[in-house]
Amino acid sequence: MAALAKVPVHIITGFLGSGKTTLIHRLIEQKPAHETWAILVNEFGQIGIDQAMFEQRDDIVIKGLPGGCLCCQLAFVMQAALVNLLARSKPDRVIIEPSGLGHPAGLLDLLRGEAFHAVVDVRDIIATLDPRRLDDPRALNHETFQDQLAIADAVAITLWDQATDQQQQAAQQFANALWPPRKWVEPVTNGELPLERLTHSGQSPAHDLAIPEAHRTLTAPPGLEGGFFDFPPTKGAPQQETGVALGYVSLGLRWHPDEHFDLDSLAQCLGELPRDARIKGVFHTTSGWQQLNRADGALNVESSAWRQDSRLEIIIPEALASTVPDITALASMLSPAPFHQNG
């Protein structure tokens, strides 16, 4: 009897706000109609936003794993989720998006371990690089930032259109100087990476990389099962979640879907938060359901198909945590518009 074909698994890694989710969205738009894909999205924050940013489709299976790092805190959850996806959905291709603070070494070890080595084929690991990050010493010197690029087989220089000519040139030189040379280095505008970068990729030869001590010492939050919340919070009582790990703080809020927000007021309030704050959210607003995404101070707003609840995640370096309101004050600042609450 012939052995069953292994399922191609693609890891798309990259630091906070480097455009990983947008890249995956654009790849999905190019997906062959006859294929079923599974997307595993890991988020550092406790609430989980990225799954809400994917349109529900029969040929795309989305699994969100919020509340930690796949390589350490969520390793067992990740293994169970992937086993379940492979058995139930039988995808033709799997894309894994680790957290922007996630170290890829532990994930690679898991995929090449006994549980999966006979059923999955880890393809070229793609790292996303925002050229503007090279101007930030805190990111450039961050061990996880360095290791995400060190373990990658290829580099997508994302957010190309938002970088200056000088930043573009510096990013090209930086990526091309990585050793050993990457299989490809490609500038990407609006996440438009050709599907051939996946379909024609080879088996990843990525070498073993030691997991930093900061990751090895982390443990999973008590009771975390990696699920996505099924029931919305009570009106007027938003769910509040905080987390601290790897030198960053996450603040998460979640509201009942019937509560509405004034979009202009919401954008203004979030715009007043420090530039270093990474912000992602989906809200039921006076202008319909909207996604809000802010990286490097630039806020992007677009319509959303999500209807389950409103939710917000803010991630900021721990050293700057005092510059943002605490979770209770943040919930008060972002109160839904009273005159729409019952509408």
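Two strands pair if DSSP finds at least two bridges between them. Helices (H or I, at least four residues) and strands (E, at least two) are DSSP runs, numbered from the N terminus. The model is predicted: local features need pLDDT of at least 70, side-chain atom pairs count only at pLDDT 80 or more, and totals for chains, interfaces and linings use all residues. Residues are numbered from 1 along each chain as its sequence is written, and side-chain values use heavy atoms, with hydrogens and water left out.

View 1. Strand E7 covers residues 154–157. Strand E6 (residues 126–129) pairs with E7 in the parallel sense, over four bridges. Leu129 stands opposite Ile157 of E7. E7 and strand E8 (residues 184–187) also run parallel, joined by four bridges. Here the bridge partner of Ile157 is Pro187 in E8.

**View 2. The crossover from E7 to E8.** From E7 the chain passes through helix H6 (residues 165–176) to E8, a right-handed β-α-β crossover. Right-handed means that, with the strands pointing away from the viewer, the path from the first strand over the helix to the second runs clockwise.

**View 3. Side chains of E7.** Ala154 and Ala156 point one way from the strand. Val155 and Ile157 point the other way. All four are buried, that is, under 20% relative accessible area with a 1.4 Å probe and protein chains only; exposed is over 50%, partly exposed in between.

**View 4. Arg197 in helix H7.** Arg197 lies in H7 (residues 196–199). Its relative accessible area is 28%, so Arg197 is partly exposed. Leaving aside residues up to four places away in sequence, Arg197 touches Trp184 and Glu186 (contact: heavy atoms within 4.5 Å). Asp124 is 73 residues from Arg197 along the chain, with 8.7 Å between their C-alpha atoms.
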